[in-house]
Structures are given as C-alpha cells and as structure tokens.
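Dear colleague,

Please find below the structure that I am handing over to you. My notes on what was found in it follow.

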Amino acid sequence: MIFSWHRKNFVVKESNGMNKIGVGYASVTELEEQYVLDALRNGRLSQGKYVAEFEKMFARMHDQKYGIMCNSGTSALHLALEALRETDGWTDETEVLVPAITFIATSNAVMHAHMKPVFVDVDPMTYNMDPREIEKHITQKTKCMIPVHCFGQPCDMDPIVDIARKYNLRILEDCAESHFATYHGRVIGSFSDIMASSTYVAHTITTGIGGVVCTSDTQLMEIVRSLLAHGRACTCERCIASDANKVCPKRMESDLDRRFTFVRLGYSYRVGELEGALGLAQLQRKNEIMEKRHNNAIRLSFGLKQFSEYLQLPFVSDNVEHSFMMYPIVIKESAPFLRNDLVRFLEKNNIETRPMLPLLNQPIYKKIFGDIEDFYPVAKWIDSHGFYIGCHHGMTENDIKEIISVFSQYFRDQSLLENL
C-alpha cells in the first residue's frame with residue numbers, strides 16, 4: 001500500500017495502482033492548516049480558544065446552549081449518561097432503551113455507566129428505533145431512551161417524544177452519524193435534554209478523534225465538564241487559566257485550590273487544542289461538505305435504482321433532511337444472491353464496504369445477553385443482508401460512475417440485468 005500526501009486530502013492507493021473508493025474521508029484544506037498552525041504557534045496544546053469556539057458553534061448548530069468537547073463519541077455518551085444518573089438518582093438496576101441496530105458504543109456506554117441496555121427493534125425502512133416497538137419494552141425500571149440517528153437518517157422523533165412524556169423518560173439523542181440532519185425542519189439533537197455526537201475521522205465533521213456533548217441544562221453541563229476532567233470542581237465554559245496572561249480569581253476562594261479540588265470520581269476524557277482547531281474549520285465548511293454529500297447521494301440513488309428489484313436503497317421521507325454519513329443498502333429477501341457475494345465483488349473492485357452496524361450477533365453480546373437475535377426480526381434481517389458504501393464529500397463524479405459501473409458488472413455477471 002502506498003501513502004501519498006496532497007494538500008486537499010490524504011489518498012490511499014492500493015498496490016495495483018487503483019484508488020480505493022472508501023467509506024470515509026478526512027478533508028483537510030488550507031483553513032484547517034491555518035487554524036492548527038495558529039494553535040501550535042500559540043504554544044497551547046491543551047484546551048483553549050479553539051476548543052471553546054468549536055463547542056459554542058457545534059452546540060448552536062444543534063439548537064443547544066452548551067457544548068462540551070471530549071475525546072470520543074463513546075465518551076460523550078458515557079458522560080451524558082453519568083450526568084443523568086447523578087441528577088435523576090438512577091441505580092444499577094436502571095434500564096435504558098437502545099436500538100437493536102447501532103454501533104456498539106451506544107449500548108456499551110450504558111453498561112459503562114453501570115446500567116442495563118434494553119434493545120428495541122428498528123424500522124425496516126429507516127433502520128432507526130421503531131416507535132411502534134418501544135412501549136412493549138418499558139418497565140418500572142425504564143428511565144431513558146437513546147434514539148440513534150443512524151446512517152444520516154433522523155429518527156421519527158414525534159412519537160418518541162410523545163412516549164417519553166407519557167412515561168416520564170429522559171431522551172439522550174445519539175447524533176454521531178447524522179450531523180445537521182433535520183426532522184420536520186428541526187435539527188436533530190434538539191429534541192432531548194442532552195445529546196452526544198462523534199467527530200472521529202470517519203464522520204461528517206471530523207477532528208481526528210473527538211466527541212461532543214450538547215445540552216441547554218446548566219446543571220448537566222457542569223456535571224459533564226467535571227466528569228471529563230477527573231471530577232474536578234471547575235466547571236467554567238472556558239478555563240481562565242488557559243490564557244497564559246490571566247490568573248483565575250476562583251482558585252484560592254477556599255482552603256483547597258479549586259482547579260485541583262475533585263468532587264466526583266471522574267475520567268480523563270479531555271481533548272486538545274489541535275482537535276478544536278480542526279473542528280472549528282470543519283464547522284465553518286459545513287455547507288460545502290453537506291451539499292457535496294447530498295449531491296453524491298442523489299447520483300448514487302439515480303444510478304442504482306435500476307437494481308431496486310433486488311436492492312433496498314436509502315429511504316428519505318418528505319419531512320426529513322438526510323445527512324448521508326454513508327450510503328446504506330439492504331439486499332431484499334427475493335434476491336437470488338447473498339449479501340457477502342456482492343460485497344466481496346465490490347471489495348475486489350476497490351469499493352470499500354462495511355456491515356450495517358450488526359449488534360445483537362456480536363460475540364461479546366451473545367456472551368452477555370445470550371442468543372436473542374431472533375426476537376428482533378428486522379435487526380436480524382439487516383444484520384445478514386445489509387451493508388453500506390461511501391457517500392462522502394471526497395468522492396468525485398468519476399467515483400460515482402465507477403460504483404454504478406461495478407454494480408452493473410455484478411448484475412451482468414449474475415445474468416440478472418435482463419430481468420430488470
């Protein structure tokens with residue numbers, strides 16, 4: 001494998017000389033370079049002005065008051081759950097509803113917070129938590145739901161919010177895969193008391209590593225800020241001490257130095273100024289990034305609809321704006337071929353694929369929860385029939401054409417084109 005650096009992006013070339021069309025993309029332009037170099041020249045590698053500005057902008061873009069940047073989306077979920085547990089008095093017996101299709105971090109975070117995930121089957125068209133399946137899983141121990149906006153597709157939030165109100169449940173939105181997607185004109189992340197997101201390298205907005213918690217609740221914000229820094233007493237939105245020319249007036253208000261007073265058993269989930277600099281530049285390029293992804297999705301759907309007898313392409317209802325972090329495809333039951341046969345053909349032809357977030361059939365979950373996949377028929381179908389390909393802003397028109405061409409070649413080799 002050969003690595004080559006270009007100013008606009010990092011290109012991975014396969015040994016056969018052909019570019020792989022990947023599922024993710026990290027776009028680095030002169031703006032990102034400018035901000036990162038400025039942070040380096042300021043001599044500030046721990047959190048400073050760039051992290052603070054990124055937090056404010058990210059929260060504002062999701063209609064929340066406060067943003068708290070941390071080192072991963074998993075940490076963001078964990079911090080949010082720990083904060084809710086503290087404010088609401090939850091226990092180790094508390095149950096949290098999560099979808100049966102999601103990246104494993106969602107349900108892992110519930111267990112890291114010493115609570116119990118309870119799985120809910122998903123909608124066969126959107127692949128998100130199915131509101132029609134929720135109430136059957138609610139018990140006296142249920143205190144929270146985590147609707148995950150998967151693949152860029154917003155959840156059906158109106159009935160989810162109604163159910164939460166009916167049973168007095170908290171909502172924690174997992175927005176890691178759907179930055180800026182909207183539902184009835186309202187941005188995801190704004191339907192809940194608290195939301196968590198990821199800015200890992202494969203995500204729409206990337207800081208390399210990183211996550212964000214957003215909330216408009218001051219108490220939740222302060223708890224999250226404390227927890228991510230070892231449980232310290234300081235909870236200011238921006239630490240005054242991050243400015244080398246200023247002294248914090250709160251530090252010596254008591255016998256203990258406030259910055260080194262710890263009031264909780266916290267974690268080391270902080271992130272640095274370089275990640276904040278990258279993130280701020282990415283947010284300022286939001287419109288450019290999202291427009292390219294939308295256009296790529298339109299082209300892919302137009303080119304692949306000829307195979308819709310066998311392939312279920314992404315569904316987008318009239319009341320949502322899909323953000324297309326990736327392009328999910330599910331093989332229909334009537335198809336005379338297996339998912340893995342098509343996936344192997346795509347991979348052989350340099351089109352990268354990923355499974356569609358199988359969860360309940362993971363070895364560790366079978367060990368913890370038993371063999372429960374049969375109780376979630378839609379999730380089981382997606383586990384065995386679903387995969388996704390890239391739809392990112394680094395893809396060119398030639399990449400789109402190549403993808404459609406490779407799909408066509410597969411159906412041609414299977415002698416299926418004449419049936420379409």
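Which residue in strand 16 is the bridge partner of Ile 329? The bridge partner of Ile 329 is Phe 387. Before I come to that pairing in context, please note that this is a predicted model.

**Overall picture**

The protein has 420 residues, of which 55% are buried. Its secondary structure consists of 13 helices and 16 strands. Of the contacts between residues at least 6 apart in sequence, 71% join residues at least 24 apart.

As to confidence, the average pLDDT of the protein is 92, and 89% of the residues reach at least 70. Residues 1-17 call for caution: pLDDT stays under 50 there, and the model has 32 contacts beyond four places in sequence for this stretch.

Strand 14 covers residues 327-331, and five of its five residues are buried. Tyr 327, Ile 329 and Ile 331 point one way, while Pro 328 and Val 330 point the other way. In a regular strand, side chains alternate between the two faces of the sheet.

Strand 14 pairs with strand 16 (residues 386-389) in the antiparallel sense, over four bridges; the Ile 329 and Phe 387 pair belongs to this contact between strands. Strand 14 is also joined to strand 12 (residues 311-312) by two bridges, again antiparallel. There, Leu 311 has Ile 331 of strand 14 as its bridge partner.

An open sheet with antiparallel pairing has its three strands in the order 9-8-13. Strand 9 (186-187) and strand 13 (320-321) are at the edges with a single partner strand each, so one side of each has no neighbour in the sheet. Strand 8 (residues 182-183) is joined to strand 13 by two bridges, and Tyr 183 has Val 320 in strand 13 as its bridge partner.

**The nonpolar cores**

The largest nonpolar core contains 55 residues, and Phe 119, Phe 151 and Leu 172 have the most contacts inside it. Among the elements that give two or more residues to this core are strand 3 (66-70), helix 3 (73-88), strand 4 (95-99), helix 4 (105-112) and strand 10 (194-198). Helix 3 gives the most, with seven residues. In soluble globular proteins, nonpolar side chains tend to be buried together.

**Helix 4**

Within helix 4, the residues Ala 105, Thr 106, Ser 107, Ala 109 and Val 110 are buried. The buried residues of this helix pack against helix 3, strand 4, strand 5 (116-120), strand 7 (170-174) and helix 11 (363-369). After helix 4 comes His 114, which has a positive phi, near 65°.

With kind regards

Definitions and conventions. Residues numbered from 1 in each chain as written. Predicted model: local features only at pLDDT ≥ 70, side-chain atom pairs only at ≥ 80, totals over all residues. Heavy atoms only, no water. Buried < 20%, exposed > 50% of the residue type's maximum accessible area, 1.4 Å probe, protein only. Contact = heavy atoms within 4.5 Å. Pairing = 2+ DSSP bridges. Core = buried A, V, L, I, M, F, W, Y, C linked by side-chain atoms within 4.5 Å. pLDDT = per-residue confidence, 0-100.
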